[in-house]
Amino acid sequence: MPPDFWRRLTGTRTREPSRALTLTAPDRESIDLASYLPARLRKLDTLPERAAPLDAQTRVEVARGMNRGAGVLAGSVLFDSAIEHYRGGFHNPAMFFPLVSSTLSIIASASGVGDNTPSVRRERHVAYAAAAATGFAGLAFHAYNVGKRTGGFSWTNVFYGAPLGAPAALVLSGLLGVAAERVRDAAPGQRPRLYGMPESRAIAAVTSAGLAGTAAEAALLHFRGAFQDPFMYLPVTIPPVTAAMMAAVAVDGRPRKRPVTRFLLRLTAFLGFAGTGFHIIGVHRNMGGWKNWTQNIQNGPPIPAPPSFTGLALAGLSVLKMLERSRRE
Amino acid sequence: MATDDGMTAPRAVSGQAPDVFRRGAWVPMRQYPDSEEVDFVIVGTGAGGGTLACKLAEHGFSVVAMDAGPYWRPLEDFASDEAEQQKLYWRDERIVDGDNPIDMGGNNSGKSVGGSTVHFAMVSLRFRPEWFKARTKLGYAVDWPIDWREMWHYYTEVEQALAISGPVSYPWGPHRPRYPRRPHPMSAAGEFLASSAEKMGIGWSSTPIATLSAPRGLAPPCVYRGFCVIGCSTNAKQSVLNTWLPRALDANAEIRDLAMVSRIEMGSRGLATGVHYYRDGRWRFQKAKNVVVAGYAVETPRLLLNSACAQFPDGLANSSGLVGKNLMPQSNHGVYGLVDQEIRWYKAPPSLSITEHWNYTDTGKDFFGGYAYMSQGPLPTAWAGSLTSSRGLWGEKLVREMEKYNHQVGLKIVGEVLPQEKNQVTLTDEKDAYGIPIPRITFSYGENDKRLYEHAVRFMSQQMEVGGARDLFVESDTAHLGGTAKMGDDPRTSVVNADCRSWDIPNLWVCDGSVFPTVGGVNPSLTIQAIACRTGDRIAEMARRGELTRRTTPA
């Protein structure tokens, strides 16, 4: 880990915007997603920015939209991990971390949403970076939990062990939050790069990957539930299409209107809330229904999980706003 | 209604039957007068009779299905109490003898609408395909008259009907379609079998099991309450009572609870004309064009033998002399032991993991046939029973041993027993409360049977030790019955044909575990239901061809 890792990660350097946004090699080693990609994909690093620079007000608007998305994701993680880790009896003290981290991420997001100024707050940056780090650690913990069970990564263990994909929501909250700060922070007239890519395309890529991953998790868990209700197919059909559209945005990156993508993002955002409704009904279908809520809320489908889709879709809508606004200039 | 406990007075009367999914509720039920000659009267509503009642009703036949047991509402009639739930077993008087008298009235019988599926352990396994040609392919016992591929089709139908929760892919046997529901999380008891099997280098799997892992209609998923073998009070268990019978009622079948059939009446043309039965304080007679006997391996031959008349002095369908013969329980030997970690084996369905290694491996055996074994989870009273009967513990010693309950683990087989004619069900001169002769059940293990369970006990003991269990002890038991009205290709050596139709009386059918020529090394319920599904389809097909009224005996 480079000596200035935390300093860079927490955005201390944003006081010198020009340097902070031109990431140096050690930065990439530590936080650049692109540097972990195969050589061919690493060409992303040289992807051209096709959008015109944004004015400061638009930047703030976009950043706030992304704070909102990061906050919804963190909220989903807070309640979901609270229930699931309570169910697991907080067997390992590390199981408290996502609760703390997601709470901080929610506070940071609330601060960001309420902040109309183009200046970054170091505390937000720290909270978001910590969320991403906690999420990554969670992914490792959960993989370890599943892998150590008899049968290893068998279907049964993947179904009922620690959910492999769940901590990724915290990673996404963190990444989008960090990105929001970067977007907010850029000097007027600049076209900053993020994670080695032009910012709008980077955020579109994160959103796309997030939607695809979240859909994959829903697919796994809905497969566990044998798709017993036809509505269980919704999160494995619509979000993947939206993810593909956002991938197209990342690849294309041109500033233009995208009404179909916008519609799909809105639909996905709605689906996140609708999913919570369906899961509330799902809890009722367990023995004793809501009268036996103390058990069924843990045993039934996770009520706080589906809004992850909403959080990601909000971030996606911010990207579209970015690209549309830059078109006008 | 003064006392509606289900056992005092019949519930399925006045055009309604108990709603199994709602407390105190009813569903409409078509009723037929005794004088109406219904297409089928079925004696027994378990895995064979209940399933067939549904299939025949859905094919458009008029069906009356009778059961000696009560019509339960699982949500309100099933207590979390082992003693109270003894009411699910068939505890009428029997005389047992032979070298190895069978312990009747628990894991091998049921007296309920829905039969013993109301308290079965839900293990839902397919036969190994070769068993349907055991004589030809494996060199022992006899062949079945049905091809395994046809059975594979009907197994699938039953698995769908019961929404079986099973592994994503099953490690033994030919391809089978995906189970309708995913496997349940593994219990600590199941985990013990799994991890110790891996140490032994043999395969294991989640057990395909008839309890829901996701909601289905009004039935919630399993809550792992653990009182599985004394009646599931949540309806997560997919028994005949809450799967086939609601469908049967929807298709206009009538179910008569607390209806004990004593005798099948024969007409002058060599055809059955109906059944005599006792219900609500009086003897009655239901007319029928066809009679199906589905009382399981003791009550089925008992009824056929007790229906002897001038024309059939040795009992009905008995020209082969095989009614009641070839009784086969399954050996059910277990090895128990103690481990350091907490197991709490009462939680969840007991048999969540299984190995069919010795069903599908033919080398290294000194016996014919096979056995599967599963993880165990006896409830406290049953466990105390095991400790007293197998180890002779009593008093202070028993109390001290019971304190280890939460650390016990066990493996128990379902082992194949080969058919022997000397193992049989006969009638005695003694009469029961209905005035029906009490059956005598004679059973002795054969040499092959002993070699099989001794092999199993040796192998499982080894696995228990490898898995870290100590203070091992062995329990001898039997489970499941079959064989007393075997099906076959030849009227001289079988009671019914592949369609479960009697060779002697063309409108008399037997549809339950009695028709099994061999029992294999898996729990029989899925196979019984598959045969019932096949029989239902075959009857519909024969009706279309106008073959229901003709004799099928080869000229």
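Residues are numbered from 1 along each chain as its sequence is written, while chains are lettered from A and ligands numbered from 1 in the order in which they are written. In this predicted model, local features need pLDDT of at least 70 and side-chain atom pairs count only at pLDDT 80 or more, whereas totals for chains, interfaces and linings use all residues.

Me: What makes Asp280(B) exposed?
Reply: A residue is buried if 20 or more other C-beta atoms lie within 10 Å of its own, exposed if 12 or fewer, and partly exposed in between, with C-beta atoms placed from the backbone. Asp280(B) has 11 other C-beta atoms within 10 Å, and is therefore exposed. Asp280(B) is found in the loop between β9 and β10 of chain B.

Me: Why is Ala348(B) called buried?
Reply: Ala348(B) has 25 other C-beta atoms within 10 Å, so it is buried. Ala348(B) lies in the loop between β12 (334-338) and β13 (353-355) of chain B.

Me: What is the value of phi in Asp280(B), and what is it in Ala348(B)?
Reply: Most residues other than glycine have a negative phi. Phi is positive in Asp280(B), near 55 degrees, and positive in Ala348(B), near 65 degrees.

Me: How do you know that β8(B) and β9(B) pair?
Reply: Helices (H or I, at least four residues) and strands (E, at least two) are DSSP runs, numbered from the N terminus. Two strands pair if DSSP finds at least two bridges between them. Strands β8 (residues 260-266) and β9 (residues 272-279) of chain B have 6 bridges in the antiparallel sense, and therefore pair. Arg263(B) has His276(B) in β9(B) as its bridge partner. The hairpin of β8(B) and β9(B) has 5 residues between the strands, and Gly270(B) in the turn has a positive phi of about 80 degrees.

Me: How many bridges join β9(B) to β10(B)?
Reply: β9(B) and β10 (residues 282-293) of chain B run antiparallel and are joined by 6 bridges. Opposite Gly274(B) stands Lys287(B) in β10(B). The hairpin of these strands has 2 residues between them.

Me: What makes β5(B) and β16(B) edge strands?
Reply: The open sheet has 3 strands in the order β5-β17-β16 (chain B), with mixed pairing. Its edge strands, β5 (95-97) and β16 (424-431) of chain B, each pair on one side only. β5(B) pairs with β17 (residues 437-442) of chain B in the parallel sense over 3 bridges.

Me: What is the span of α5(A), and what is expected?
Reply: The expected span is 1.5 Å times one less than the number of residues. Helix α5 (residues 97-113) of chain A has 17 residues and reaches 24 Å from its first C-alpha to its last, close to the expected 24 Å. Its buried residues, including Phe97(A) and Leu104(A), pack against α4 (56-87), α6 (122-147) and α8 (168-185) of chain A.

Me: How many residues of chain B are in contact with chain A?
Reply: Two residues are in contact if their C-beta atoms, placed from the backbone, lie within 7 Å. On this basis, 20 residues of chain B are in contact with 14 residues of chain A. Helix α5 (residues 188-200) of chain B gives the most to that side of chain B, with 4 residues.

Me: Where in chain A does pLDDT stay under 50?
Reply: pLDDT is the predictor's confidence in each residue, from 0 to 100. It stays under 50 over residues 5-34 of chain A, although the mean pLDDT of chain A is 87. Where pLDDT is low, the predicted coordinates should not be read in detail.
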